[in-house]
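Here's a quick tour for anyone meeting this structure for the first time. Take a look at it, then read on.

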Amino acid sequence: MDVLLGDDRPLYEVKANLFKGLAHPVRVRILEIVTAGGEVGVGALMDDLHIEASHLSQHLAVLRRHSLVVSERRGSQVFYRPAFPEVADLLRVARSLLVDILSQAQDRLESTGNLPELTQPMVDVR
């Protein structure tokens with residue numbers, strides 16, 4: 001049985017598993033880098049992320065396992081690129097959604113400025 005797809009799992013479970021693959025800031029950043037660059041070497045990823053090679057390797061393995069990136073070895077270097085163009089679309093939609101959510105939260109916060117001042121109740125300390 002495939003770890004990601006399963007034999008007869010409902011699509012919503014498969015989707016949830018995909019989001020688990022995205023559920024780490026380092027993996028999201030890796031995807032941002034490879035979608036912006038089209039193809040990025042491991043050295044460039046390490047320079048940008050400032051993490052140990054072993055940690056980077058683990059995150060890249062998760063992204064490969066979830067079919068979000070593919071790798072290609074050329075000599076002693078390994079390069080990564082998005083497995084599908086839709087990976088960049090997914091990141092763009094997530095950013096747009098996040099901006100909308102934050103904008104609504106900001107609007108709600110600003111609307112509290114119109115609330116009347118609260119007065120402190122008088123406390124008798126006799």
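## Two helices crossing

Helix α2 passes α3 in a right-handed crossing (the near helix is turned clockwise from the far one by less than a right angle). Helices here are DSSP runs of H or I with at least four residues, strands are E runs of at least two, and both are numbered from the N terminus. On the α2 side, the contact is made by Val 26, Arg 29, Ile 30, Ile 33 and Val 34, and on the α3 side by Leu 45, Asp 48 and Leu 49; contact means heavy atoms within 4.5 Å.

## About the model

This is a predicted model, where local features need pLDDT of at least 70 and side-chain atom pairs pLDDT 80 or more, while totals for chains, interfaces and linings use all residues. Residues are numbered from 1 along each chain as its sequence is written, and side-chain values use heavy atoms, leaving out hydrogens and water.

## The nonpolar core

The largest nonpolar core has 18 residues, and Ile 30, Leu 31, Val 34, Leu 45, Leu 49 and Tyr 80 touch the most other members. Such a core is a set of buried Ala, Val, Leu, Ile, Met, Phe, Trp, Tyr and Cys residues joined through side-chain atoms within 4.5 Å, with buried meaning under 20% relative accessible area, exposed over 50% and partly exposed in between (1.4 Å probe, protein chains only). Helix α2 gives the largest share, five residues.

## Out on α5

Leu 98 sits in helix α5.
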